[in-house]
Amino acid sequence: MVGMLAWRLPRIGIAAALLAAAVGCASLPEEGDGREARIEANDPLEPFNRAMFSFNRSLDSYLLKPVAEGYVAVIPRPARTGIRNALDNLNAPIVFMNDLLQGELERAVVTLTRFAFNSTLGMGGLVDFMAEGGMEGHSEDFGQTLAVWGVPEGPYLVLPLLGPRPPRDLAGFAVDSVADPFNRYMRGQDHGEAVYARTGIDMIDQRSRVLGKFEELERTSLDFYSAVRSSYRQRREIAINNGQADPQTDLYNLPPLDDPAADGDASSKNGSNAE
């Protein structure tokens, strides 16, 4: 069920974006009602975004977080690492495509080499063979590619299920989802259940890797919504500039806190809700 819902996220996200724009344009605050501050923060739809933020946190609290905690409790760390490696390996063709579109030929060669060796010597990607040999991977998406091409981010936008997705990143997410070779092949072979399984497992794995971090971010923030908004933008800027931070590692692209090695073990299970 989670996987089937996740597979429909691009369509849901686009429809929600159009709805958000319509609602926002019809209900922008008058002068003196915080409009200037929202414009300055490039968040003209803040009332809508805060409502979606609360909705996503509730959904996480009752569904995604408990499932992620169960995943951590049942699946040992080495197996979770293998699953993450395999998911990253499946995403390598999309990374390679965006490397090329950004003119990053050296990074494209690294991505292609890692994919070839990890898919074979790494047993289908379960073992990050190339990282152990010193060739680390990286992440790229079409939202980053659009940024490199000079496309502006657009106003901040929070969508149900998807979290922060300004127009540029929403468009990038949709393109990557449609262009993904694994998804296209499986749908063509009438094996859509494999796509659902991959997407669902990826959601659970990503959430498991930030158990404990949301509570810390919320605890240290005067306004949790504003903190997440700022964190998202900082992470995306780092990613666009090929920084060390990887926006695909953390759910909704939140930054890691003081323990970057933590991946959701039992000691971190007191994390707060996702947005």
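**Note on a predicted helical chain**

1. Valine 148 has its place in helix H9. Helices here are DSSP runs of H or I with at least four residues, strands are runs of E with at least two, and both are numbered from the N terminus. Valine 148 is partly exposed, because its relative accessible area is 40%. Buried means under 20% relative accessible area, exposed means over 50%, and partly exposed falls in between (1.4 Å probe, protein chains only).

2. A word on the model. It is predicted: local features need pLDDT of at least 70, side-chain atom pairs count only at pLDDT 80 or more, and totals for chains, interfaces and linings use all residues. Residues are numbered from 1 along each chain as its sequence is written, and side-chain values use heavy atoms, with hydrogens and water left out.

3. Now the whole chain. The secondary structure comes to 14 helices and two strands. Of the 275 residues, 45% are buried. The chain exposes about 13800 Å², and carbon and sulfur atoms supply 61% of that area. Accessible areas come from the Shrake-Rupley method with a 1.4 Å probe; for residues, only the protein chains shown count as cover.

4. Back to helix H9. Glutamine 144 also lies in helix H9, which spans residues 142-148. Glutamine 144 is buried, because its relative accessible area is 0%. A polar atom of its side chain lies 3.1 Å from the backbone oxygen of alanine 239.

5. Which rings pair up edge-to-face with their centres 5.5 Å apart? A search of the whole structure finds five aromatic pairs. Phenylalanine 53 and tyrosine 225 form an edge-to-face pair, with 90° between the planes. The pair links distant parts of the chain: phenylalanine 53 sits in helix H4 (residues 46-74) and tyrosine 225 in helix H14 (residues 224-240), 172 residues apart. Phenylalanine 53 is buried, with a relative accessible area of 4%. Tyrosine 225 is buried too, at 2%. Rings of Phe, Tyr and Trp (its six-membered ring) pair if their centres lie within 6.5 Å; planes under 30 degrees apart count as stacked, over 60 as edge-to-face, and the rest as tilted. Ring pairs link Phe53, Tyr156, Phe224, Tyr225 and Tyr232 into a cluster.

6. Next, charge. Side chains of opposite charge can pair when their charged atoms come close. The structure holds 16 salt bridges. In a salt bridge, a side-chain nitrogen of Lys or Arg is within 4 Å of a carboxyl oxygen of Asp or Glu. Arginine 84 and aspartate 205 meet in one, at 2.6 Å from N to O. Arginine 84 lies in helix H5 (residues 77-90) and aspartate 205 in helix H12, so the pair ties together parts that are 121 residues apart in sequence. Both arginine 84 and aspartate 205 are buried.

7. Another bridge joins the side chains of arginine 236 and aspartate 141, at 3.0 Å from N to O. Arginine 236 lies in helix H14 and aspartate 141 in the loop between H8 and H9, so parts 95 residues apart in sequence are tied together. Arginine 236 and aspartate 141 are buried. Salt bridges that share partners join Asp43, Glu46, Arg50, Asp223 and Arg229 into one network.

8. Last, arginine 198. Is arginine 198 buried or exposed? Arginine 198 counts as buried, because its relative accessibility is 13%. Its helix is H12 (residues 192-208). Arginine 198 and asparagine 183 are 15 residues apart in sequence and 9.2 Å apart in space, C-alpha to C-alpha.

Note on methods
Polar contact = N/O pair within 3.5 Å; in protein donor to acceptor, adjacent residues only side chain to side chain.
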